[in-house]
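Colleague: I am new to this structure. Please take one part of the surface and walk me through it closely, starting from the overall fold.

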Amino acid sequence: MLLARTRLLVATLWAGSIWTVGYLAAPTLFATLSDRVLAGNIAANLFAHQAWLSIACALVMLALLWVGRGSETGGIFAGSAANSAARTRRVLLIIVAVMLACTLIMHFGLQPMMASLRAAAGPGGVMDGAAHNEFGILHGISSSLYLVQSLLAAWLVVKQ
């Protein structure tokens, strides 16, 4: 019971951080700041902090799922409750793994490329420079992965 409640707490923290940064804080920055370069830099910083929080939450969730594995006795001769618990655990492991993969791809793959384009663009910003299209493609891929991660976060909270 305590493991399940702790998993729910971690899943809620993780989902809430994803939704707050991506769908509340970042859009608010661009809506309220007149300097879009500054808004982009602050948003990038927020997303970097959120990525580290996501990695920590994923590791904690994996550890909690690992610790909880001994409480199930699934198998072909086990009762339906045990098989259901084992199936739920596998689904949770897959969700956490995919969410972690999304974070790692965005934070260690896409964000460094976007940061280098921003740095090369200078004070005018990437949207005024020659790298506008490349940045837009990277941003679109990152946004799509973030949406997938956001939807999986909702599923993770519900599956607890």
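Modeller: Read along the sequence, the protein chain runs α-α-α-α. That is four helices and zero strands. Keep in mind that this is a predicted model. The radius of gyration is 19 Å, well over the 15 Å that the globule rule gives for 160 residues, so the chain is more spread out than a compact globule. The C-alpha trace spans about 65 × 25 × 20 Å along its principal axes. Of the 160 residues, 34% count as buried.

Now the surface. Trp 19, Tyr 23, Leu 147 and Leu 151 form a nonpolar patch there. Together they have about 410 Å² of accessible area. Which helices supply the patch? Helix H1, residues 2-32, and helix H4, residues 132-159, each give at least two of its residues.

Take Tyr 23, one of the patch residues. Tyr 23 sits in helix H1. Its relative accessible area is 41%. Buried means under 20% and exposed means over 50%, so Tyr 23 counts as partly exposed.

Helix H2 covers residues 36-67, which is 32 residues. At 1.5 Å a residue, H2 should span 46 Å. Its end C-alpha atoms are 46 Å apart, so the two values agree. At the start of H2, look at Asp 35. A side-chain oxygen of Asp 35 comes within 3.1 Å of the backbone nitrogen of Val 37.

How values were computed: Residues numbered from 1 in each chain as written. Predicted model: local features only at pLDDT ≥ 70, side-chain atom pairs only at ≥ 80, totals over all residues. Heavy atoms only, no water. Expected span 1.5 Å × (residues − 1). Polar contact = N/O pair within 3.5 Å; in protein donor to acceptor, adjacent residues only side chain to side chain. Patch = residues over 30% accessible without salt bridge, like charges linked within 9 Å, V, L, I, M, F, W, Y side chains within 5 Å. Areas by Shrake-Rupley, 256 points an atom, 1.4 Å probe, with all protein chains shown as cover. Salt bridge = Lys/Arg side-chain N within 4 Å of Asp/Glu carboxyl O. Buried < 20%, exposed > 50% of the residue type's maximum accessible area, 1.4 Å probe, protein only. Rg over C-alpha atoms; globule rule 2.2 N^0.38 Å.
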